[in-house]
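Open the model in a viewer and keep the selection tool at hand. The stops below are taken one residue at a time.

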Amino acid sequence: MKNEMDRKKVKYLNPKLALFEGGRDTAYEPMDMKGYYVFCGSEATGCYDDITDAIAEANAGFGTVMDGSGQYIWKKESYRNTNQIMRISGTLADDETSSLETCIETVLDYNGYATNVKKYLSEGMDAAEILENNIPDSKSTVLVNCPDEALKYYLNRDIPVIVMADNNSLLLIGYNDSSQVWMNPQSGNVMKVSNDEADRFYDKYKRRFLVVQIRNS
């Protein structure tokens, strides 16, 4: 300081203190609302019962789709021009194993788990339930009439996509600009097919897909 302080004129301020002896925990009951919520930027732009409609809205507005529990389901983002999940190789379905069963087992193994899929299927449990119940902290989503472009979101994140096609189910594991990569349980091979050939196959089976994600991954 330029000059010496006059200590008699200095003011000392003491904050008022309050002693709180109660708990500081906040009880939170998570809400699991139904439907799919679309956010574009900082705005909520819609709520849909159909996940495919929600993805279409998010795709148009470079947005995000979340379910009622806050789980991210889909997000419009920049995708790589090409990607393939190299950890998944060909697996042949035998006479006693359906193609869907093989796909479920492959997805379980890819995520580090295994179970008796045949038993669950015989008991009437569907593929989405089997995956969600046997992969901890996961969310299964069934997509119907979903365009190929929307599937890139999952493949870009190395999430395999089960193509639900009755006795011809297969696993979508890669893509590039002109083709897609399948793991085909009927042949036991990993194969590349053109986008046109893939579209014809998907259309034949009503474009039904199944993905399982670790929550908020």
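This is a predicted model: local features need pLDDT of at least 70, side-chain atom pairs count only at pLDDT 80 or more; totals for chains, interfaces and linings use all residues.

**Stop one: Tyr175.** Select Tyr175, which sits in strand 8, residues 170-175. Buried or exposed? Tyr175 counts as buried, because its relative accessibility is 4%, under the 20% cut-off. Now show what surrounds Tyr175. Leaving out residues up to four places away in sequence, Tyr175 touches Tyr79, Arg80, Asn81, Thr82, Asn83, Lys152, Leu155, Asn156, Gln180 and Val181. Keep Asn156 selected: its side chain makes a polar contact of 3.5 Å with the side chain of Tyr175. For a distance check, pick the C-alpha atoms of Tyr175 and Val107; they are 18 Å apart, and the two residues are separated by 68 positions along the chain.

**Stop two: Lys139.** Move to strand 6, residues 138-144, where Lys139 is found. Lys139 has a relative accessibility of 18% and therefore counts as buried.

**Stop three: Cys40 and Cys47.** How many disulfides does the structure hold? The count is 0. Cys40 is in no disulfide, and the nearest cysteine sulfur, in Cys47, lies 14 Å away. With 17% relative accessibility, Cys40 counts as buried, whereas Cys47 is partly exposed at 46% relative accessible area.

Definitions and conventions. Residues are numbered from 1 along each chain as its sequence is written. Side-chain values use heavy atoms; hydrogens and water are left out. Helices (H or I, at least four residues) and strands (E, at least two) are DSSP runs, numbered from the N terminus. Buried means under 20% relative accessible area, exposed over 50%, partly exposed in between (1.4 Å probe, protein chains only). Contact means heavy atoms within 4.5 Å. A polar contact is a pair of N or O atoms within 3.5 Å; within protein, one must be able to donate a hydrogen and the other to accept it, and residues adjacent in sequence count only if both atoms are side-chain atoms. A disulfide is a pair of cysteine sulfur atoms within 2.5 Å.
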